[in-house]
Amino acid sequence: MSRLHRLRPRFRRPWLAGALICAGMLGGMAAAIGPLLGVPNPVTLAALAIVEPSSVGTWFASRPVAAGPSSRALPVRPRAILGHVPWKGHNVPLAQMLEATHTNALLVTQDGVLVHEWYRHGSGPATLFPSWSVAKSVVSLLVGQTIAEGKLAETDHVATLLPYLRGEPAFGRITVRDLLDMTSGLAVPENYDPWNPLVGTAGMYLTRDIRDFVRDHATLSSKPGSTGQYRSIDTEILGLILAEVQKKPLADLLSDAIWTPMGAEANATWNLDRPGGTEKAFCCINAVARDFARLGLMVADHGRVGGTNIVPPRWIERIETPARRDVDGWPYSAQWWHVPEGDDDISAIGVYGQYIYINRQTGTVIVKLSDHGAEQDEEDTLAVMLAISRALAATRPAR
């Protein structure tokens, strides 16, 4: 079994089923239990159990991520891409693979040109799609910018950067580097018990006070820096640090530092724990597919857009160099995944099948946005992207 097969899902859905069960059991206490626990009321929890993941963004409070007054052109020159792709040991039509993975949008660019753009019926270029954990990779870019500005260092400790956490010894041991590379050792599991839907990352997703959630989860399961374990709380703490150091909400920082200068074509949103509250840094940016593609193109061009450096090239090198510790059996660095047995390609990945795949060797960036299950078929999906990239490179028009 390959390392990809052993990779744990980023965000599991069983807690939603548990939430539905719990909502029914609470009965007449429904109105009171939500505020008491600091989470949405059971009616909302029940609804979350049955809606498609791509529609969840509108259920929570959000802060706008404003685009600039003008967008950067994304050249469009359609051309044929791979018609049949490798899928689970077979060669199948690409449309069959897209249907099997409940894909909502597939965009393929090569050499900065959009060569393929497909949307499921009911979605389109103006649809805001949720990033889920692709947001983690965006947070990394903001961290890289902040380090380059001299406002942050990878060796800084969490307790030094976030004064409200100084009373928790664990946060005096965890560094920014530990958070970036998922080696914090914090004991906040990604796996969810359906009978306890308010614990682990599920609890952080549903809480109405993320800052309190972080402070209340200062328990270590391993020594910081010693073990790579995927932990969404690591990214959330990075988001809190960015807001503290940059003195602005995370959505405003994203707008000012990346969304506007990269030439996004549409406003995005970033979900909050409550109205006017704190961004869910570990997930939940909602944006049009073309702007996710622009983000990938910026990373593929060493952090540049045109002749302007948006993210320092040194930070792109940091992302592209695997960290010392694998995360759950897969090479990882600064909130970006490395694809084993590929072309030194990297990917931002979110649960339910969200991808920004970057293959600089073939000049390809692929965005795939889906409503797939918690078991995401990641190995097979990335193999499809690699095959598409190599096929495009083999038929690249003369420049």
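**View 1. Threonine 103 in strand E4.** Threonine 103 lies in strand E4, which covers residues 103–110. Helices (H or I, at least four residues) and strands (E, at least two) are DSSP runs, numbered from the N terminus. The model is predicted: local features need pLDDT of at least 70, side-chain atom pairs count only at pLDDT 80 or more, and totals for chains, interfaces and linings use all residues. Residues are numbered from 1 along each chain as its sequence is written, and side-chain values use heavy atoms, with hydrogens and water left out. Threonine 103 counts as buried because its relative accessibility is 0%. Buried means under 20% relative accessible area, exposed over 50%, and partly exposed in between (1.4 Å probe, protein chains only).

**View 2. Surroundings of threonine 103.** The side chain of threonine 103 makes a polar contact with the side chain of threonine 101, at 2.9 Å. A polar contact with the side chain of lysine 368 is also present, at 2.9 Å. A polar contact is a pair of N or O atoms within 3.5 Å; within protein, one must be able to donate a hydrogen and the other to accept it, and residues adjacent in sequence count only if both atoms are side-chain atoms. Leaving aside residues up to four places away in sequence, threonine 103 touches Leu98, Trp118, Arg120, Lys368, Leu369 and Ser370. Contact here means heavy atoms within 4.5 Å.

**View 3. The disulfide between cysteine 283 and cysteine 284.** A search of the whole structure finds one disulfide. It joins cysteine 283 to cysteine 284, with an S to S distance of 2.0 Å; the cut-off for a disulfide is a pair of cysteine sulfur atoms within 2.5 Å. The torsion about the S-S bond of cysteine 283 and cysteine 284 is about -70 degrees, so this disulfide is left-handed. Cysteine 283 and cysteine 284 are both buried.

View 4. Helix H6 runs over residues 134–148 and has 15 residues, which at 1.5 Å a residue should span 21 Å. The expected span is 1.5 Å times one less than the number of residues. Of the 15 residues in H6, 13 are buried, so the helix is mostly covered. Just after H6, glycine 150 has a positive phi of about 80 degrees.

**Setting of the views.** The protein chain has 15 helices and 15 strands. Of its 399 residues, 57% are buried.
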